[in-house]
Amino acid sequence: MLNVHHYPPGTSKWNRIEHRLFCHITQTWRGRPLTDRMAVVELIAATTTKAGLKIESALDTRPYEKGIKVSDAQIKALDIQGDPFHPEWNYTIRPRAVANRSG
């Protein structure tokens with residue numbers, strides 16, 4: 001089961017984790033040039049706080065296929081249940097039932 005919860009566009013400031021995390025990250029990389037993606041990853045990973053926060057980060061270099069088309073039939077086959085609060089932003093995707101293969 002996968003629970004998805006989005007904030008509406010332009011409201012990431014409401015996300016307490018982002019708000020508390022990024023202020024420390026920006027302090028770590030203040031005055032340092034962000035020359036490439038690896039520099040950003042390393043600066044994020046170097047972030048710590050007096051309260052004991054330690055951030056782990058890694059660069060995902062795997063290739064991802066672009067332009068994948070999902071058919072209406074594939075979408076319809078998903079078990080998606082909208083949340084009572086803004087189901088267009090918040091929903092649960094449940095695994096599909098697997099046929100019994102023991103027969």
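Predicted model: local features only at pLDDT ≥ 70, side-chain atom pairs only at ≥ 80, totals over all residues.
1. Is Asn-90 buried or exposed? Asn-90 counts as buried because its relative accessibility is 6%, and the cut-off for buried is under 20%.

2. The side chains of Asn-90 and His-5 are joined by a polar contact of 3.4 Å. The side chain of Asn-90 also reaches the backbone oxygen of Phe-85, at 2.9 Å.

3. Now place Asn-90 in the fold. Asn-90 belongs to strand 3, which covers residues 90-94. Asn-90 is the bridge partner of His-5.

4. Three strands make an open sheet, ordered 1-3-2, with antiparallel pairing. Strand 1 (2-5) and strand 2 (79-82) are the edge strands, each pairing on one side only. On average, neighbouring strands of this sheet are turned by 20 degrees against each other, direction ignored. Between strand 1 and strand 3, the antiparallel pairing runs over four bridges.

5. Last, helix 2. Which residues of helix 2 (residues 37-45) are buried? They are Ala-39, Val-41 and Leu-43. Helix 1 (16-28) is included in what covers them. At the N-terminal end, Asp-36 caps helix 2. A side-chain oxygen of Asp-36 lies 3.2 Å from the backbone nitrogen of Met-38.

Notes
Residues numbered from 1 in each chain as written. Heavy atoms only, no water. Helix = DSSP H or I, 4+ residues; strand = E, 2+ residues; numbered from the N terminus. Buried < 20%, exposed > 50% of the residue type's maximum accessible area, 1.4 Å probe, protein only. Polar contact = N/O pair within 3.5 Å; in protein donor to acceptor, adjacent residues only side chain to side chain. Contact = heavy atoms within 4.5 Å. Pairing = 2+ DSSP bridges. Axes fitted to C-alpha atoms, helices over the stretch in contact; angles between N-to-C directions.
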